[in-house]
Amino acid sequence: FKYYIDDIGEIENRYMDLIEETLQVDASETKIRRKATNLGKYLFERNVSFMLILDVNNQLVPYITSLVSEEVSNGKSILAKVSQIEERIRYIEGRIAYGYLTENIKQDKSWIREKLKIIRNSESSIKPFIREHLVWVNKVLEDIRKLRTQSSVILGHYNTEIGKKLESVNGFGLFDEYRDEMITLHKKLHGSAIQIYHFLQSKDFKHLLLEYMEFFNLVGKFVSMLGLTFAVMYEEDANIDPLTKVLSRRSLEFILSSQFHISKISKRPLSIAMVDIDDFKRINDTYGHQVGDCVLKQVAQRIQENLRKSDFIFRYGGEEFLILLPFTSKEDAVKVLEKVVKTIAQTPIKCNGMEERITVSAGVASIENAKDIYSLIAKADRALYRAKKQGKNRVAV
């Protein structure tokens with residue numbers, strides 16, 4: 001961890017101070033609980049994985065045990081001492097997890113509020129289901145925050161209105177392509193929620209935190225899938241670009257912000273790319289806008305054909321497209337875009353008497369050091385500018 005956490009020294013000092021205080025004979029449980037909870041909040045605020053503490057403890061407990069074994073000769077005394085030490089370290093591990101969890105919940109409740117704002121003005125028939133799901137998730141978070149052991153929401157895929165709708169003959173009346181995947185996700189989501197209440201009952205904060213992170217990962221995926229369905233199926237809501245038939249900029253914020261949040265909470269990579277048709281103004285000026293529209297449609301189709309099933313393509317504006325590559329590192333994203341750029345350039349495009357080799361330039365950016373989706377898009381824009389400056393028909397980062 002020391003190679004990529006700037007304040008690892010401060011974390012080490014605070015944690016070892018907490019360990020030393022915990023192992024004292026007259027240790028104050030109230031003081032330890034407060035310090036451990038605050039350390040968990042500190043880790044979250046600095047975007048440090050809770051796994052750091054688990055890794056440290058997995059090495060620390062055997063190490064302290066070996067020291068105790070050297071100092072205590074009586075076998076029963078050793079077992080009692082080791083058991084006490086392990087119990088205390090696991091206690092602070094749980095309290096650190098609790099502090100980490102409380103900050104996680106604050107961030108995620110804010111995310112839910114943002115999503116509810118985004119869908120507020122939508123006229124889509126799927127809107128009530130997205131809203132119902134987000135409200136359900138918010139109530140689960142409130143139960144966790146208040147450490148309620150009894151659920152204030154309906155649990156179980158088959159017991160909820162969304163679950164029943166997914167299982168019905170007509171479903172939502174759409175998305176057969178995504179229906180099985182959504183049912184699987186929804187079942188996993190409710191299974192995870194049931195586990196959360198189990199850990200709340202036992203006050204097992206370590207496993208509660210780990211289950212919560214999995215739970216909200218599933219939440220993000222499910223909301224994103226609902227959003228994608230909403231975007232794909234409702235062309236009248238202008239979520240499909242009428243010319244190129246790819247997703248429009250209007251649906252971008254909802255889907256990108258969902259995927260951005262999933263990556264942040266799951267510590268998984270995410271990349272985007274801005275793709276721009278080279279010298280497009282010349283094509284319009286030379287052949288007219290009808291040919292220009294034809295070129296746009298064919299370029300969009302070629303991009304789509306060379307992306308993976310998990311990727312998203314949006315028409316960002318004019319001759320520019322944004323590609324979203326979930327769970328994809330910058331290096332892998334570059335490989336995908338290099339294939340796209342090469343494929344478009346190698347076969348001439350034919351449109352109403354025009355036949356030319358059309359090229360595109362692409363700028364790739366990853367979620368690393370991006371505070372939000374807007375700074376991520378700005379990074380990709382700057383990379384695209386570099387690709388243009390370097391000679392076009394290429395990928396830059």
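1. Asp279 has a relative accessibility of 39% and therefore counts as partly exposed, the classes being buried under 20% relative accessible area, exposed over 50% and partly exposed in between, with a 1.4 Å probe and protein chains only. The side chain of Asp279 meets that of Lys392 in a salt bridge with an N to O distance of 2.7 Å, where a salt bridge is a side-chain nitrogen of Lys or Arg within 4 Å of a carboxyl oxygen of Asp or Glu. Because Lys392 lies in the loop between α13 (373-389) and β8 (395-396), and Asp279 in the loop between β2 (270-277) and α10 (280-287), the pair ties together parts that are 113 residues apart in sequence. Lys392 is likewise partly exposed, at a relative accessible area of 29%. Helices (H or I, at least four residues) and strands (E, at least two) are DSSP runs, numbered from the N terminus.

2. The coordinates come from a predicted model, in which local features need pLDDT of at least 70 and side-chain atom pairs count only at pLDDT 80 or more, while totals for chains, interfaces and linings use all residues. Residues are numbered from 1 along each chain as its sequence is written, and side-chain values use heavy atoms, with hydrogens and water left out.

3. On confidence, pLDDT being the predictor's confidence in each residue from 0 to 100, the protein averages 85, and 86% of the residues score at least 70. The lowest confidence falls in helix α3 (residues 51-71), with a mean of 69, and the highest in strand β7 (residues 360-366), at 97. Where pLDDT is low, the predicted coordinates should not be read in detail.

4. The structure holds 20 salt bridges, one of which joins Asp17 to Lys35, with the closest N and O atoms 2.8 Å apart. Since Asp17 lies in helix α1 (residues 8-22) and Lys35 in helix α2 (residues 29-45), this pair ties together parts that are 18 residues apart in sequence. Asp17 is partly exposed at 37% relative accessible area, and Lys35 is partly exposed at 25%. Asp17 and Lys35 also belong, with Glu21 and Lys31, to a network of salt bridges. A further salt bridge brings together the side chains of Arg46 and Glu45, at 3.4 Å from N to O; Glu45 counts as exposed at 52%.

5. Strand β3 (residues 312-317) has five of its six residues buried, so the strand is largely enclosed by the rest of the structure. Strand pairing requires at least two DSSP bridges. Strand β1 (residues 247-248) runs parallel to β3 and is joined to it by two bridges, with Ser248 opposite Arg315. Strand β4 (residues 320-326) runs antiparallel to β3 through five bridges, and there Gly317 stands opposite Glu320. β3 and β4 form a hairpin with two residues between them, and Gly318 in the turn has a positive phi of about 55°.
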